[in-house]
Amino acid sequence: MGCGHVGLVTGGCLAAIGHHVFCLDRDAERVRLLAEGRLPVYEPHLHELILRSRTSGMLTLTTDAIPALRSADLIFLCIGVPQLENGNSDFAALDAAVNQIAQIVDEPKLIVERSTVPVKTGEQLKHLLSVTTPNSSARFHVAANPQFLRKGTAVKDFFHPERILIGVDEPDSEETLRQLYAQILQQNFQCPIHPNVCPPHEPPELLLASVRSAELIKQASNAFLAVKISYANVLADLCEQIGANVQEVTHAVGLDPRIRESFLQAGIGFGGDRLPKDLRAFCQLVESEGVDAGILQAAEDINSRRVNTFFQKINRALWVLKDKKIALLGLSHKADTDDIRSSPAVDLYKRLVAAGALVTAYDPQAISNARSAYPDIVSCRDPYETAARADALLLLTEWDEFRVLDWQRIRDTMARPLVLDGRNLLSPAHMKSLGFEYHSVGRPD
């Protein structure tokens with residue numbers, strides 16, 4: 001249930017390994033566009049998987065809940081729980097889905113939480129299902145199978161996860177979910193996408209927990225990743241003050257196997273529809289239970305200041321922003337996605353426009369979403385057009401294609417060869433050898 005990023009990746013991948021899947025959504029227009037092969041999200045390899053699974057008959061896209069819910073052995077809830085302005089979780093969509101299940105299903109079913117939900121959601125789902133179903137023969141079990149799918153690598157993450165987490169309170173539910181993932185848990189699992197994309201991989205570890213613990217594990221994991229990013233950004237600010245190099249520091253720190261280097265990347269902060277929301281929700285949970293959320297709140301506060309810190313760096317470099325032409329490379333909150341929700345790059349775009357700058361922008365995938373959200377945005381066909389006659393160029397998303405641009409060509413077309421790299425994507429020595437004035441984050445200029 002739910003044809004967003006989580007639902008489509010989960011459904012497409014399960015169908016690709018031989019399960020019969022209904023991807024059910026109440027948005028008829030979304031389902032129609034999906035049937036035409038137009039995905040609402042960009043995710044590498046996903047379009048190919050869904051097309052192949054639909055052609056083979058293993059995947060059905062539908063708005064018709066009755067056959068989908070009644071014929072299913074498992075019902076995955078791939079429905080997000082957004083936050084309201086007051087910080088509370090908005091369970092409206094999840095509540096509507098659960099009520100639909102209760103009214104339609106007429107025999108025992110396993111309901112599986114797939115999207116990230118606050119702790120104790122499973123208990124509420126069990127209660128709602130038990131009191132709202134009109135059919136006495138319908139018996140519901142609720143399990144948690146949180147997804148750890150990174151946007152941009154979600155398909156690979158599904159087929160080659162480091163762990164599969166199953167939260168269950170009954171042996172039958174555990175066995176059902178073990179069977180669901182049996183192929184992926186095998187030593188000789190053959191990935192459905194190209195072997196060059198997914199080379200041979202050790203089977204993942206299957207982790208068993210209670211439903212409540214599984215919900216907490218997912219929230220705690222995301223919160224810890226946020227803490228790591230914010231910690232790297234504190235190091236970056238310190239490095240700028242004392243003349244050290246944050247990449248040298250985080251690389252050495254990350255070689256410790258207890259820490260590891262992933263998510264120790266300094267820059268303009270984390271964004272997207274998941275990490276900021278999940279961190280806020282976790283802070284609220286911790287505080288509501290009377291536990292000190294100091295380290296978690298600090299991570300959120302540090303991240304909230306990153307855009308302003310980089311904006312001030314731009315302001316110092318240009319002195320005056322009004323009427324300056326500023327080129328942005330990257331609008332998505334990270335590479336390999338078209339998601340601009342809570343993107344630091346978009347926040348910078350808005351700050352620059354408000355300051356009177358003349359902004360042009362380019363992103364390999366997110367430009368369409370940016371135009372829809374900001375109709376006045378001046379978008380360009382490629383990075384070179386974006387940079388032409390610019391007074392400054394900002395690197396805001398770590399797309400690989402930006403690493404290999406013809407930077408000499410860009411330098412020759414800019415009004416002032418000034419680059420501010422918010423993702424530490426490029427080599428300072430190389431950029432300076434080309435004649436750029438180059439600034440990054442936490443590295444000596």
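Tutor: Begin with a term: buried means under 20% relative accessible area, exposed over 50%, and partly exposed in between. Keep in mind that this is a predicted model.

Student: Is E29 buried, partly exposed or exposed?
Tutor: The relative accessibility of E29 is 41%. Buried requires a value under 20% and exposed one over 50%. E29 therefore counts as partly exposed.

Student: Which residue forms a salt bridge with E29, and how far apart are the closest N and O atoms?
Tutor: In helix α2, E29 has R32 3 residues away, so the two are separated by about one helical turn. R32 has a relative accessibility of 39% and counts as partly exposed. The salt bridge of E29 is with R32, and the closest N and O atoms are 2.6 Å apart.

Student: What is the relative accessible area of K109?
Tutor: The side chain of K109 meets that of E107 in a salt bridge, at 3.5 Å from N to O. E107 is partly exposed, with a relative accessible area of 37%. K109, in contrast, is buried, and its relative accessible area is 4%.

Student: Which residue forms a salt bridge with D347?
Tutor: D347 lies in helix α14, and 3 residues away, about one turn of the helix, is K350. An α-helix has 3.6 residues a turn, so residues three or four places apart point the same way. D347 is partly exposed at 31% relative accessibility, and K350 is partly exposed at 40%. With closest N and O atoms 3.9 Å apart, the partner of D347 is K350.

Student: Which residues does a network of salt bridges with shared partners join?
Tutor: A salt bridge here needs a side-chain nitrogen of Lys or Arg within 4 Å of a carboxyl oxygen of Asp or Glu. By this rule the model has 25 salt bridges. Those that share partners join into one network E29, R32, E36 and R38.

Student: Which residues of α14 are buried?
Tutor: Helix α14 covers residues 344-354. Its buried residues are covered by elements including α13 (306-318), β8 (325-329), β9 (358-362) and β11 (392-395). Just after α14, G356 has a positive phi of about 95°. The buried residues of the helix are P344, A345, V346, L348, Y349 and L352.

Student: Which helix gives the most to the lining of the second largest pocket?
Tutor: This pocket has a volume of about 1,200 Å³. Its lining has 42 residues, and G4, H5, R30, G80 and R341 lie nearest its centre. The helices α1 (5-16), α2 (28-35), α5 (92-104) and α11 (275-288) each supply at least two lining residues. With 5 residues, the one that gives the most is α5.

Student: How many residues of that lining are nonpolar?
Tutor: The lining also holds 13 charged and 11 polar residues. The nonpolar ones number 18.

How values were computed. Residues are numbered from 1 along each chain as its sequence is written. This is a predicted model: local features need pLDDT of at least 70, side-chain atom pairs count only at pLDDT 80 or more; totals for chains, interfaces and linings use all residues. Side-chain values use heavy atoms; hydrogens and water are left out. On a 1 Å grid over the protein atoms alone, a cavity is a set of points where a 1.4 Å probe fits but cannot get out, and a pocket is an open set with protein on both sides within 12 Å along at least five of seven lines; lining residues have an atom within 4 Å of a point. Grid points are joined across faces, edges and corners, and a volume is the space filled by probe spheres set on the points. Helices (H or I, at least four residues) and strands (E, at least two) are DSSP runs, numbered from the N terminus. Ala, Val, Leu, Ile, Met, Phe, Trp, Tyr, Cys and Pro count as nonpolar, Asp, Glu, Lys and Arg as charged, and the others, Gly among them, as polar. Buried means under 20% relative accessible area, exposed over 50%, partly exposed in between (1.4 Å probe, protein chains only). Contact means heavy atoms within 4.5 Å.
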